[in-house]
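Here's a quick briefing to go with the model you're about to look at. Have the viewer open and follow along.

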Amino acid sequence: ITEIGGLEIIGLNTASMSDGSLRDTHDGQLSPEQVKNLTDLVSTEDNQIILMHHNLPPMYDILRNHRDSFYPDMDLPPVMRDSPEFVEFLSEYEVPLVVTGHLHMIATSQMENTREITCPSTGTFPRAYLLFEFDSDGTVVKYVPVDDVSSMGEAHHSRGTQNATSKGITAISSTRLASMPL
């Protein structure tokens, strides 16, 4: 946990566990002990954001619905295991923003009072990063592509032709880009 300009930033490691239980998977997890420690450390301030690799349950619901509607052969990416305690924490502390990655696409989801923003990757379509601006009026998120039009097309083709999962995620990424602002 660190504070920058009155904003409390909480970084969580969801990609590994001290007991090695995630060694052979890409799933994520926060143990009940981690969540308990988090509740002991977190203030009740409104100016908190959480940064973590894995996504919240509503984001997986978006992917699942997309797969079921358009890409039935698509595998779902690894999920966050045992998230009920963490979801309860987010609800109890009314954490307004969780920033995630893992899916390599830009997307948003809402879970009660918590907004999740999933960041794209600079290594695969859509190659980009996000800039966050925080002030007393709220949060502005800017999408910054690292490709020109030609290389974006190449990245789209490369990702979209790998396998059913890459094809499905490329399609949902394209839909999200076409729907901006999110």
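Predicted model: local features only at pLDDT ≥ 70, side-chain atom pairs only at ≥ 80, totals over all residues.

Residues are numbered from 1 along each chain as its sequence is written, and side-chain values use heavy atoms, with hydrogens and water left out.

- Rings of Phe, Tyr and Trp (its six-membered ring) pair if their centres lie within 6.5 Å; planes under 30 degrees apart count as stacked, over 60 as edge-to-face and the rest as tilted. By this rule there are 3 aromatic pairs.
- Phe 86 and Phe 89 make a stacked pair, because their ring centres sit 6.0 Å apart with the planes at 20°.
- Those two residues are 3 apart in helix α3 (residues 84-93), so about one helical turn separates them. Helices here are DSSP runs (H or I, at least four residues), strands are too (E, at least two), and numbering goes from the N terminus.
- Phe 86 is buried at 1% relative accessibility, and Phe 89 is buried at 2%. The cut-offs: buried is under 20% relative accessible area, exposed is over 50%, and partly exposed is in between (1.4 Å probe, protein chains only).
- Phe 89 also pairs with Tyr 93, with ring centres 4.9 Å apart and planes at 35°, so this pair is tilted.
- Phe 89 and Tyr 93 are 4 residues apart in α3, again about one turn of the helix. Tyr 93 comes out at 18% relative accessibility, so it counts as buried.
- Put together, ring pairs link Phe 86, Phe 89 and Tyr 93 into a cluster.

**Strand β6 and its partners**

- Which strands pair with β6 (97-100)? Strand β4 (residues 48-52) runs parallel to β6 and is joined to it by 3 bridges, and β8 pairs with β6 in the parallel sense over 4 bridges. Pairing takes at least two DSSP bridges between the strands.
- Leu 97 in β6 is the bridge partner of Ile 49, and Leu 97 also has Arg 115 in β8 as a bridge partner.
- Both faces of β6 are covered: Leu 97 and Val 99 are buried on one side, Val 98 and Thr 100 on the other.

**The largest pocket**

- The largest pocket holds about 310 Å³ of space. The volume is the space filled by probe spheres set on grid points, which are joined across faces, edges and corners.
- On a 1 Å grid over the protein atoms alone, a pocket is an open set of points where a 1.4 Å probe fits, with protein on both sides within 12 Å along at least five of seven lines; lining residues have an atom within 4 Å of a point.
- There are 14 lining residues, and the closest to the pocket centre are Thr 108, Ile 117, Val 140, Val 141 and Leu 182.
- β8 (114-118) and β10 (138-145) each supply at least two lining residues, and β10 gives the most, with 5.
- By type, the lining divides into 10 nonpolar, 2 polar and 2 charged residues. Ala, Val, Leu, Ile, Met, Phe, Trp, Tyr, Cys and Pro count as nonpolar, Asp, Glu, Lys and Arg as charged, and the others, Gly among them, as polar.

- The peptide bond from Phe 125 to Pro 126 is cis, with omega near -5°; Pro 126 sits in the loop between β8 and β9 (128-135).
- The bond from Met 180 to Pro 181 is cis too, with omega near 0°, and Pro 181 is in the segment after α5.
- Glu 94 has a positive phi, near 50°, without being a glycine. Glu 94 lies in the loop between α3 and β6 and is partly exposed at 47% relative accessibility.
- Glu 112 likewise has phi near 50°. Glu 112 is in the loop between β7 (107-111) and β8, and is exposed at 58%.

**Ser 174**

- Ser 174 is in helix α5 (residues 164-178) and is partly exposed at 25% relative accessibility.
- Neighbours within four places in sequence aside, Ser 174 is in contact (heavy atoms within 4.5 Å) with Phe 125 and His 156.
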